[in-house]
Amino acid sequence: MSERLKTISVQRVRTMPDELRPSVLYVSKEFETAHHLCACGCGAKIRTPLGPTEWTLDETPRGPTLWPSIGNWQQACQSHYWIRKGEIVWAEKWTPQQIARGRQAEELRRATYYEKLYGERPSLLARIWHWLIALIGR
Ligand SMILES: [Zn+2]
């Protein structure tokens, strides 16, 4: 059984190295992404794109904070943890329902962001519908 990590620190890179070391969060501002090895020690490479709809990286004097949490549902280990001020904070193992809800929240976060960005526009379907109503009403 591999060892769960407790801490992580930032290393700035331009391009991601092929071999990642545990306990290091590789951050590339150029490519707006961060990579690290899964904190459970399983060796899986975890990629977290950085951006307004993705993960947010905050560097504190004690270490990096990455938000939201990291849920490695695609990995065999299904690890779920936060990186907070350089520390790995482990979450309880999620049930399939919680995983689904987490994904929904992620989708909602993106949708809300784009709505704010582009304003509320009627969907194509709504526009066609109004056009049809207008046509029939003539
Ligand atoms: Zn893992």
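Val27 stands opposite Ala34 in β3, part of the antiparallel pairing of β2 (residues 24-28) with β3 (residues 33-37) over 3 bridges. Strands here are DSSP runs of E with at least two residues, helices are runs of H or I with at least four, and both are numbered from the N terminus; two strands pair if DSSP finds at least two bridges between them. This is a predicted model, where local features need pLDDT of at least 70 and side-chain atom pairs count only at pLDDT 80 or more, while totals for chains, interfaces and linings use all residues. Residues are numbered from 1 along each chain as its sequence is written, and side-chain values use heavy atoms, with hydrogens and water left out.

**The sheet around that pair**

- β2 and β3 belong to an open sheet of 4 strands, ordered β1-β2-β3-β4, with mixed pairing.
- Its edges are β1 (9-12) and β4, each of which pairs on one side only.
- From one strand to the next the twist averages 25°, with axes taken as lines fitted to C-alpha atoms (for helices, over the stretch in contact) and angles running from 0 to 180 degrees between N-to-C directions.

**The other sheet**

- Another open sheet has 4 strands in the order β5-β6-β7-β8, and here the pairing is antiparallel.
- β5 (56-60) and β8 (87-90) sit at the edges with a single partner strand each, so one side of each has no neighbour in the sheet.
- Ignoring direction, neighbouring strands of this sheet are turned by 30° against each other on average.
- β5 and β6 make a hairpin with 2 residues between them, and they pair in the antiparallel sense over 5 bridges.

- Most residues other than glycine have a negative phi, and most peptide bonds are trans.
- Going from Trp67 to Pro68, the peptide bond is cis, with omega near 0°; Pro68 lies in strand β6.
- Gln78 isn't a glycine, yet has a positive phi of about 55°; look for Gln78 in the loop between β6 and β7.

**The zinc site**

- Four cysteines hand their SG atoms to the zinc ion: Cys38, Cys40, Cys42 and Cys77, lying 2.2 to 2.3 Å from it.
- Donors are N, O and S atoms within 2.8 Å of the metal (3.2 Å for Na, K and Ca), and water is not among the atoms, so sites may look incomplete.
- Along the chain, the donors follow the spacing C-x1-C-x1-C-x34-C.
- The site is tetrahedral, with angles of 103 to 113° among its 4 donor atoms; four donors get that label if all angles lie between 85 and 135 degrees.

**The largest pocket**

- The largest pocket has a volume of about 500 Å³.
- A pocket is an open set of points on a 1 Å grid over the protein atoms alone, where a 1.4 Å probe fits, with protein on both sides within 12 Å along at least five of seven lines; lining residues have an atom within 4 Å of a point.
- Of its 22 lining residues, Trp55, Ser69, Gly71, Trp73 and Glu106 are the closest to the centre.
- β4 (45-49), β6 (63-71), β7 (80-84) and α1 (96-118) each supply at least two lining residues, and α1 gives the most, with 6 residues.
- The lining divides into 9 nonpolar, 8 polar and 5 charged residues, where Ala, Val, Leu, Ile, Met, Phe, Trp, Tyr, Cys and Pro count as nonpolar, Asp, Glu, Lys and Arg as charged, and the others, Gly among them, as polar.

Conventions. Grid points are joined across faces, edges and corners, and a volume is the space filled by probe spheres set on the points. Four donors count as tetrahedral if all angles lie between 85 and 135 degrees; four count as square planar and six as octahedral if opposite donors are over 155 degrees apart and all others between 65 and 115; anything else is irregular.
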